[in-house]
Amino acid sequence: MAYRWNKNTIENKDIVESREFDQAHNEFVSLINGGMDRENLPIECVGYPEMKKQSFGKAHLSGNVFTPIAYADQDGVYGTGFSNNNTRGNRIVGLRYGQDPINEGDSFFEVATNSFDCQEGMLHIHWKCNAYMPFYYAFWQAYTSNTVARKRYQWKINIDGVTVYDSSAICQSFFTTNIATMIPISAGNHKVSVSLRYPARGDDADNQVLLQYWGGNLFCHNLYR
Amino acid sequence: MKKVSNLTVVSQKGVYIGIPSSDDSANRLENWKYDAKTTSWSNELGFEKFFSNSNNFAPFQGSTQRKVDSVYVWPAHSGARQSFLYETNGQLFELNGSTETVTLLLSNRNIPTDTGFLQQYSPYGRYLVISNGLDSPIKYRASRGGSDRIFDLGWRNIPGTPTVRTVGQPDGQPRTFIDAASNVINGQIWKASDAFFRGVTGTAVGDKSLYAYRVSFVNEAGSESPLSNPSNEISFTAVSITRGSTTGVPRTGFILNIPIGPAGTIARRIYRTKNDGSIYFFNAQVSENTSSTYSDFLEDVQLGSEAPTTSESISMPSPSCRFTAAFKDCLFIDGGQMDPQRLWYSQPRQPDTYRADNYFDLGTVTGGDITGLMPYYNSLLVFREAAIDLIRGDSLNGFTLTPFIQGVGTRSPNCILPIPNIGISFMSNDGIYLIAGGLDGGSDLKLRKISIGLEEFFDRACIDMFPKAVAAYSSREREAHYYFAIDGSTFNNKGIVFHVDNKTFSERTGFPVQCITTDHDGNFIAGYDLHNTYSGVSPSNPPADTPAKGGLFVLSGRRQAGYVFSGSGLTIKENKPLNSTFRSAWMDMGDLTLKKQVKYVYLSILSRGDTEIQMEAYKDREWANGVTAGTMKQQRPDHPDQPVYDNDLYRWDKVDWQDKLLTRIRFDVANMSCMEFAFEFSTNDACEFIGFQVEYTVDGTKVIGGKK
């Protein structure tokens, strides 16, 4: 069996010398890299009891992401019947132009974040979310010059502000997005965020609902090297 | 007129206690290790328990555990497998590092006396030979099988006498005549074409047969035991018989009852005389150790070579040997306490087989008993109490015994230590010696003392306790450690360390080393000289902060002096770091008659942080009445302090990596007018120092006249 004991001691009031630290650390690195064989690791010696939680990776989940209540306003155009005698039954709510977070559109706004300590290795990111996009004003008005909104949206995944995944534009009215990526990650704290972009306002009014999303899950799995 | 002068010691050397002593020697150098890269002395040392993650001293806390009498590490698989063997309380244990448990290999062994030799461990091929001079020597085949991997060394008894069953008449009842072949009588068990089973007895009517057998064992080490005593003689006279229409002389074989061998026996060899002969020849080998009979059908012409004589393998000639060594394919063993000047050697590649005349009787009476064996180049060094002899030659051309040196020997077999690229060191009554060179290729074998200046310790040493002295060399630390008893102690209370890179010694105090060895990586593994934490020990609730000991421990870079009791039962806690002391040589600055006014001492150190060094100055060889020369931080003067660990000033959520920087710290020595000057500092904080400079003035004042 290869055994290692303390090569150096770091004590209060001492300077911390990087070289000493590396040498002490290398003791264990060399042990794990080549100092063990079948004598120490017989067949099936490692089972569930021997594996501690998060020995090989760590997962983080931000679940149940939905349109913030503060921005989920009622639609003022769609769903109001002729008699208007049941205004609640078929009205939809969601994000609208002219207010946060879409405002005038065509810029990304943050939808979900996950911030956690990583170890060196790979980071697998998976974003799943349902969304609904009303389709009125979806087309150019025939034989007129009236413009209507271009109805679509786009997701983006960032790590520490750097884009690592751009989805294509999604045009379906009802759609469940499933996007995933895996990238090498360094040790330390990292922030994973998912952003959304809606097109710039065309011929749209403030009171029409543009987008509603719900059931979002941002799953991050840091696989250690 | 005053003149300012300096005395500079660029690189501090080790301990030299004597008059005169060089300025770069140390009068005291306790608990330091030498770093060849920076020529500095560092106190980055201490000792910790073997399993630093375990509670208290587990797994050494069983009720039968006591102080560790001996320890040995036998590495294999490039160090991936290491057999940690240790002996305590008359038991031999193997430490299993994977499961953090101990396995009992042997019990009811003799516990070494305070002045007796410690147990010896000597590798021979795939075996470790273990001997202590009191119990039977054993061979241990390191593999995690526990006690079933232990075998006796040598053949303790000759094999039991085989017996041959009586043969009656053919077709007689009960049936004891075993037909050898079917070429005479049809319907027999053997085929005519089977030449192997020809039959032992004669082919003509009236032919008389008379035979006897001997048996030997072969063990897994390849050794053949002594021959057994001869079996009973079997005689038979051939007769003619008729079976059906066929008449002829049938031949028979003999059935032999053969003995079962001791543990480790893998085969039995059967030897037989020729008809009416007295010389035995190889008959057959039964390559197992379970069957109790053997049927022999061989004719005389089918027998093999002549059997070994009874003198070629005798029963274990030294059943309580103390020292063993492998040399030139043979295992050398001493004669034990009963025959302490006899040296036996085994047959080549057969560590259990000894010829009756394969031994030497050592010559000179004044040399004393054998106290150790150590192979060295082309010779085997035979250490004696007051002499060293050499075994030369080989098993093919014969070994010879020649004296090497008279008057110097050893009583400390555990201090015979090979130091790579330097030679074999050993501890004699008056110091540490080194054997270097060789006798082949024009080289000379030389002996020299390397512990010059350490006579002080050997004058105070307990000679009777020297058999208990222990030593180990670490290729990792490039240090040879020696621990022995001084000042009437009954345990090893003095440690001296030879630093290979500096070729000088330092001292170790506070290390409770009863026995010591090194593992595959050069870590010092030691056994505590006391066990006060085993289950059932009294007192069961020792006072807080008294030393706690038990089992094996490791000399490492952990800056702590082992463990102390916490004050709650037998639970332990870490002890504070060891105290490290440096005391300079007495310096007369070149003229003993001139008065010197020492102003400053500049200590060359590597910056370590905010920890402090306090210096004391002494004059005129008086170690009492020291003058405090101040307390200084180990930071560079005239520079901003380097950030240190665990200080709120530098706690910014990051590590302030630093280099240790060479610097000089000045200590002011006030009003020190003296003939000779020395200084001392002692610390249990981390410190690395290289040398020093003493600044002094001389105004021409000379020593005053002597008293009348």
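How many bridges join strand E1 of chain A to E51(B), and do they run parallel or antiparallel? The legends below take up this pairing and several other views of the predicted model.

**Figure 1. Strand pairing between chain A and chain B.** Strand E1 (residues 16–17) of chain A and E51(B) are joined by 2 bridges. The two strands run parallel. Val16(A) stands opposite Trp657(B), a residue of E51(B).

**Figure 2. The contact between the chains.** Chain B contributes 34 residues to the contact, and chain A contributes 22 residues. On the chain B side, at least two residues each come from strand E7 (81–88), strand E44 (552–556), E49 and strand E51 (657–658). E49(B) gives the largest share of this side, 3 residues. By class, the side of chain B that touches chain A holds 15 polar, 12 charged and 7 nonpolar residues.

**Figure 3. Chain B as a whole.** Chain B has 54 strands and 1 helix. Its radius of gyration is 35 Å, well over the 27 Å that the globule rule gives for 708 residues, so chain B is more spread out than a compact globule. Along the principal axes, the C-alpha atoms of chain B fill a box of roughly 135 × 60 × 45 Å. Of the 708 residues in chain B, 45% count as buried. Among contacts in chain B with a separation of 6 or more, 61% are between residues 24 or more positions apart.

**Figure 4. An open sheet in chain B.** This sheet has 3 strands in the order E17-E22-E23 (chain B), and the pairing is antiparallel. Strand E17 (213–219) and strand E23 (280–286) of chain B are the edge strands. Each edge strand pairs on one side only. Neighbouring strands of the sheet are turned by 25° against each other on average, direction ignored.

**Figure 5. Detail of the E17–E22 pair in chain B.** E17(B) pairs with strand E22 (residues 265–273) of chain B over 7 bridges. The sense is antiparallel. Ser216(B) stands opposite Arg269(B), which belongs to E22(B).

**Figure 6. A cis peptide bond in chain A.** The bond from Asp100(A) to Pro101(A) is cis. Its omega is near -5°. Pro101(A) lies in a loop of chain A, between strand E4 (93–96) and strand E5 (108–118).

**Figure 7. A cis peptide bond in chain B.** Ser538(B) and Pro539(B) are joined by a cis peptide bond. Here omega is about 0°. Pro539(B) sits in the loop of chain B between strand E42 (524–528) and strand E43 (547–548).

**Figure 8. Positive phi at Asn64(A).** Asn64(A) is not a glycine, yet its phi is positive, about 55°. The residue is found in strand E2 (residues 57–65) of chain A. Is Asn64(A) buried or exposed? Asn64(A) has 10 other C-beta atoms within 10 Å, and with the cut-off for exposed set at 12 or fewer, it therefore counts as exposed.

**Figure 9. Positive phi at Asp620(B).** Asp620(B) also is not a glycine and has a positive phi of about 55°. Asp620(B) is found in the loop between strand E49 (609–619) and strand E50 (627–634) of chain B. Asp620(B) has 14 other C-beta atoms within 10 Å, so it is partly exposed.

Definitions and conventions. Residues are numbered from 1 along each chain as its sequence is written. Chains are lettered from A and ligands numbered from 1 in the order in which they are written. This is a predicted model: local features need pLDDT of at least 70, side-chain atom pairs count only at pLDDT 80 or more; totals for chains, interfaces and linings use all residues. Helices (H or I, at least four residues) and strands (E, at least two) are DSSP runs, numbered from the N terminus. A residue is buried if 20 or more other C-beta atoms lie within 10 Å of its own, exposed if 12 or fewer, and partly exposed in between; C-beta atoms are placed from the backbone. The radius of gyration is taken over C-alpha atoms; the globule rule is 2.2 Å times the number of residues to the power 0.38. Two residues are in contact if their C-beta atoms, placed from the backbone, lie within 7 Å. Two strands pair if DSSP finds at least two bridges between them. Axes are lines fitted to C-alpha atoms, for helices over the stretch in contact, and angles run from 0 to 180 degrees between N-to-C directions. Ala, Val, Leu, Ile, Met, Phe, Trp, Tyr, Cys and Pro count as nonpolar, Asp, Glu, Lys and Arg as charged, and the others, Gly among them, as polar.
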